[in-house]
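Here's a quick briefing to read alongside the structure. Have a look at the chains before going through the points below.

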Amino acid sequence: MKSLRVTLGVLLTLCLVLGAGAALAADTIKITAQQPITGRFAFAGKHIHQGLADSIAWANEQGGVDGVKFEYIYEDSGYDLKRAVASFKKMMAKYNPAMDYGESTGQGKALAPEINSRYHVLYGSTSFSQELADRAQNPYMFVSGPTYAQQFGILIKYIAANPKTKGKKPTVAFFYSDTAFGRDPIPYAREMAKKLGVEVVAEEVTAVGAVDITSQLLDLKRHNPDYCIFQGYVVPPIPSIIRGAKDFGLKTTFMGTFWTMSKMLLDKLGADGEGYMGVMPYAYWYHTDVPMIKVIQDFNKRHHPDVKYRPNSYMQGWFTGMVFVKLAKMCKAKGLAITGSNLKDMIPQVKDWDTQGFAGMVSFKHSNATAVGKVYVGKGGKFMPASDWIYLD
Amino acid sequence: MRMGDFKQTYAADEAVFRSGTVRFWLVVLFLAIAAFPFMVGPYLLYMANLTGVAIIAAVGLNILTGAAGQISLGHAAFVGIGAYTSAILTTKLGLPFLLCLPLSGLSAAFFGVIVGAPSMRMKGLYLCIATLAAQVIFDFIFVHWTSVTGGIRGINVPSAELFGYKLDTEFKLYFVTIPIMIAAVTAARNLFRTRVGRAFIAIRDRDISAELMGINLFQYKLYAFAASSFYAGVAGCLQVYLLRIVTPEHFPLHESIRYLAMIIVGGLGSVLGSIFGAIFMTMVPEALQSGLALFQGLDDKLMSYLFPLQTVVFGLLIVVFLVFEPHGLAEMWRRVKNYFRLWPFEH
């Protein structure tokens, strides 16, 4: 009898403890994510996932939002729209999160109507697409940095301020792939160039994974632009273009946007990487004078001691985490519940947010994108700042 | 154990559902299908819809490849044609869903006939490459005919409406997708019992003999292409209303191969096989994913190895199934059924 009572007692205590545990667990701010950890986009997806996970873990170390912790729940979506949408719906039903992170531009576009009408969840993603930063159409979505168009804007602003020959209109060529990713910013870039007095002398378009770029190179040689901006590539065919241009004796400065500003590309370029430029919304791993980079390095030292480098895609994840946390804190400060619709209302109110040198002073002014970036230049296998933070709005 | 099940007429022998037992379980199945949406959440309903669409497309491909023996590597392109047709008709002409559905099927069937035309002179692997060309060409058109297809950005589609009733949730769509799927499956099952269906099978088994028996090979091959593409088109239309967006990225070559895998894993030439194959190819990756979710929170490094492993396990499963049962899941199902038919008196 006694042993039965003891057993019952133990069971009851266990139930209470576990129940309390469950109750505690319920009191978190849930962030769900469909991450492209496998599939075509895995090269970046796995780092983005790690960056977001670490950023949130770091925020929790700092005490979360007034002691309420964040909970990061993710699934691999394999860069497959159907799977990503399935995973999104599953996680919405299971966790009812206030924030979600999506794997692709396509996922954002597919879910936009339902997020507006049904799910009401704050939505960040791997995408830098202009469409997703349109506040009027997609108030719940934000872009973790400047959109591709804004990145082009930043580069053109830099070019306008740094003409190669004084008193002469700088010339630029756009070199892009025939994909949504490649074409996204081009119309805006043309407009911006016209406005800032930069002449677009050539536009070279290649198929995805193009190997033979001779005709584009010859055309580039004919126009001999001061600058040439790549869009819609990750690595190839950029090394062969830069090498080819050098062989032709062109003095063109080549530039890239976020995905072509990686260590992966710079390593491939080798000696040709000297002087390669481009825009990045964040600081790099080795810019140890940036306070937030110090935080990131310190966090990695403690949690991932064998890590020697974190690429720019990791920084994208980290920054998205910072935005999630910032918006949640703003909600809390205003005494609002942390829900998707309240979080969305906070986006336009982010003004001159000090990211500790990581992404400049961030404001979501006219769109749900930051419209700020820095121009970097390749020096000795590293990207070093070539400008201060350039603001578009 | 089933007893007293004797057939006394040819008609009874040819019936699709041959015994009371079968009919009983069929009623149970229909009741389960009808009750399903009331018991599960949006995620499983979404998966059910996705599976329904995959079944329609797979059954279509099975008509062409499984029954008529014409291997097609362009099935995803026909799904794409259906999808684009309905997206364009809805957004540009404002046609209602009920009209878009058959029109998507018909437009896919029309292009199917054109693509099937080389089958007059080619067969086997050669025809397979011709259909591959169709896949590439349509893919190119989806991407580059920007004024109509919206190019790479694709077309956003409003939710379907049926008699003034908005089909904007998975729950509502379920009651459209699943009945259409059942109708499509029933039609396909009956097709194989008609002259046309028998002709398909004759062509697959030996085209010269079929021709000697008076079957016009070209005509019937085109029928097979038309029927198969019609199914694909209908599946494409339903997929558009499910995903609410269509872009060229949804219909790549590997999607065509996925449909082929469905019918091979399920069982070539069998309608039931297409159903099993579609369920297998849609649900198994999800099941693996859910299995993996149990490990979440464990070591990051371990997870980085486990994620790619999903794909490997999925591939292995397909290989293992085919090694142990080359005739697919449908054959496995038949054997299990036969075992229980005499159970517990096996001999």
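Predicted model: local features only at pLDDT ≥ 70, side-chain atom pairs only at ≥ 80, totals over all residues.

Let's start where two parts of one chain meet: 19 residues of domain 1 of chain A are in contact with 17 residues of domain 2 of chain A.

- Domain 1 of chain A covers 27–146 + 288–362, while domain 2 covers 148–280 + 376–391.

**What lies between them**
- Together, domain 1 of chain A and domain 2 of chain A bury about 1500 Å², with 67% of that on carbon and sulfur atoms.
- How many salt bridges does the rule find across the interface of domain 1 of chain A and domain 2 of chain A? The count is zero.

**A nonpolar patch on chain B**
- Over on chain B, F38(B), M39(B), F171(B) and F175(B) make a nonpolar surface patch of about 450 Å².
- Helix 2 (20–39) and helix 8 (170–191) of chain B are the elements that give two or more residues to this nonpolar patch.

**A closer look at M39(B)**
- You'll find M39(B) in helix 2 of chain B.
- Is M39(B) buried or exposed? M39(B) counts as exposed because its relative accessible area is 63%, and the cut-off for exposed is over 50%.

Conventions: Residues numbered from 1 in each chain as written. Chains lettered and ligands numbered in written order. Heavy atoms only, no water. Patch = residues over 30% accessible without salt bridge, like charges linked within 9 Å, V, L, I, M, F, W, Y side chains within 5 Å. Areas by Shrake-Rupley, 256 points an atom, 1.4 Å probe, with all protein chains shown as cover. Salt bridge = Lys/Arg side-chain N within 4 Å of Asp/Glu carboxyl O. Helix = DSSP H or I, 4+ residues; strand = E, 2+ residues; numbered from the N terminus. Buried < 20%, exposed > 50% of the residue type's maximum accessible area, 1.4 Å probe, protein only. Domains from an automatic or database assignment. Contact = heavy atoms within 4.5 Å. Buried area = accessible area lost by both parts, 1.4 Å probe.
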